[in-house]
Amino acid sequence: MRYSITFVIASTTAVGATLTQAPSPWDDAYQKANADLKILTIEEKVGIVTGVKWEGGPCVGNTYAPNSIPYPSLCLQDGPLSLRFTNPVTVFPAGINAGATWDRDLIRARGAATGEEAKALGVHVQLGPVAGPLGKIPTGGRNWEGFSSDPYLSGIAMAETILGMQSSGVQACAKHFILNEQEHNRETISSNVDDRTMHELYLWPFYDAVKANAASFMCSYNKINGTWACENGEILNNLLKTQLGFRGYVMSDWVAQHSTVESANSGLDMAMPGSDFSNTPGSIYWGENLAAAVHNGLVSQERLDDMVTRILASWYLVGQDQYYPSVAFSSWNDAAASVNVTGDHGHLAKTIARDSVVLLKNVNNTLPLRNPGSLAIIGSDSIVNPNGPNACFDRGCNIGTLAQGWGSGTAEYPYLVAPLDAIQARLSNSETKMVTSITDDASSGAEAATSAQTAIVFITADSGEGYLTVEGNVGDRNNLDPWHDGNALVQAVARANTNTIVVIHSVGPIILETILAEPNVVAVVWAGLPGQESGNALAEVLFGDSSPSGKLPYTIAKSEDDYGLTWLSGAIDDFAEGLFIDYRRFDYHNITPRYEFGFGLSYTTFHYSILQVRIDVKCGPTTGKVVVGGASDLFDIIGTISASIQNTGRVSGAEVSQLYIGLPNSAPVTPPKQLRGFQKIDLAPGESRVVAFDLTRRDISYWDVGQQSWIVSRGTFKVYVGSSSRDIRLTGSFDV
């Protein structure tokens, strides 16, 4: 049963009226940076903002160290899920899996652990987390590095990751800023977007990154409305540094700088890596060239000082002036780092991987597996690459089990537990007969399936960064089909075994219609890109040690055409879809998805009741002065929406309750509902808890292009609380 309740509260004063702002941690950092600035020579200042050229230091990015102050050559290193080009490090589940947990605590812990490893290795700046690409194109090559195609979920994950990383003492780098939504032609394409779409979708998670005090941002390769992102003053100076109040520094993506003077005057603060990848003299835009531009008055001394101050302040912000370790590795040889930084992080990696598993289908409680008499494990994705988990440069192949995508956002596995390894270990003391077919050959898979009561078939879909082409996919996927003819493999197995379970390791959505058309496919599990503990995490879910609690961070369509978007081969992407990507598009155009955004089954059931809506806010624009994160009243708490959740099943489980808000008719054309809150809670059988969603002013606002402000409309707002974007259990409303 669904319950509905409406509270209408006339408002004159916001309950979250802005209080006196606490001192910003940036203030003390800037004071220290300004003191240093008085000592530095112009040559030293230029060195602080300029990379030492590709492979000029031990890290993928390094700056020149000044002599007059105790400030090091800064070490910048990929990436968003671990540390590239060094070992041993913990290979955590990808960002898309972290998003699929919908668990703030786990996401922050992941950030803290990666930051701890980065600091111990002497890395000053860890190049992550990722909110661009946001994932508007479902085949986008680097979507898996980010958290979700929804800006709210992505923003929460960005903030939690940054808070975790910087609590460990490493500088976070929010990237790629902005509108870098495909790998094809990423160095030349112009992403042309309207102002409202920019603010409400693509800029939204970066607001959260700034508010979390991200030390640095990375501007992207593409053009924005015709101008390179790394020399786009509207993006860097106006949006980021003025509207969002960003006090850190902006670095270029590697070789994304195109000029000396224009990039400096448009808001770029650090040139990375300082040259192109061949170190040709004409690719060095800063260094001596920047010094000459300052001497000639083409770049002001104040602009150079601003660059340096921002970089030094970020160094002070996270306490890197106190006993920071030296760099303990070299990116350019295969030798292990001089310290082992992994600690007990494998346990955390397994927990994140386990809690990101999304159960899509489970007919007649096929899962969890109890005591199968015989079990067939089928597919090359069930084993580790026979040549070793790190056999392919930057993971640029899809051989063996898939646990990362490919590109600069990857890392070397210290070990990789494949599904077959974990399942065999799990059943080693049982009487279960194991049958295997560890290739993707359909006839071999069918033969194995006929010999077992239950068959588990593993399929994949991979993608990555565009400098590598894998099986004909130039970064972005060519389509949303399973790789290695996974549809045919599943068909063959399902027609040989009436109890077929499909496990998917993929970078994002795949079209499942061919698979789901097989009546013997009784369970489908999405395991994403689970990192080094892949098999162990999956086994805990398959055998019922833990009830699956992941939820989809994107929509799975019935047809690729339903998304309305694919990567473009031309020079311009006009972003003509505007606000209507992923579930926003499906809801607005009344398209039925196969599995909607926020969907995920459990081994138990949950009942929702007692919706309460308490909102008190004035309509109109934000009026607060700009602080770190935007206008000071933008994040004011304007009220709370709550509901009671009960576990009505027989086993413990975690539920992700989700809040969606629909704007009133007085607002411009907008998606019918948008995610504006979520809570993940663990419940024992029969246990009930109240979940509360605090709403901010931003959560119920739209961006008004004419007023250049966030506006709260007058009218009736719709409230939806449920288990997914389509499984709405409670509805209500409030008036403003």
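**Notebook: a helix pair and a domain pair**

I looked up helix H2 (residues 42-49) and helix H11 (residues 301-317), which pack at an angle of about 55° with axes 9 Å apart. Helices here are DSSP runs of H or I with at least four residues, numbered from the N terminus. Axes are lines fitted to C-alpha atoms over the stretch in contact, and angles run from 0 to 180 degrees between N-to-C directions. I note that the model is predicted: local features need pLDDT of at least 70, side-chain atom pairs count only at pLDDT 80 or more, and totals for chains, interfaces and linings use all residues. Residues are numbered from 1 along each chain as its sequence is written, and side-chain values use heavy atoms, without hydrogens and water.

H2 and H11 are therefore oblique to each other (under 35 degrees is roughly parallel, over 145 roughly antiparallel, 65 to 115 roughly perpendicular, the rest oblique). I then listed the contact (heavy atoms within 4.5 Å): H2 contributes Ile-42, Lys-45, Val-46, Ile-48 and Val-49, while H11 contributes residues including Leu-304, Met-307 and Ile-311.

Next I turned to the domains. The chain is divided into domain 1 (345-554) and domain 2 (604-735), with bounds from an automatic or database domain assignment. I found their centres, taken over C-alpha atoms, 35 Å apart. In contact are 4 residues of domain 1 and 9 residues of domain 2.

The area buried between the two domains is about 440 Å², and carbon and sulfur atoms give 42% of it (accessible area, 1.4 Å probe, lost on putting two parts together, summed over both). In domain 1, Ser-547, Ser-549 and Lys-551 lose the most area to domain 2, together 89% of what that side buries.

Methods: Helix = DSSP H or I, 4+ residues; strand = E, 2+ residues; numbered from the N terminus.
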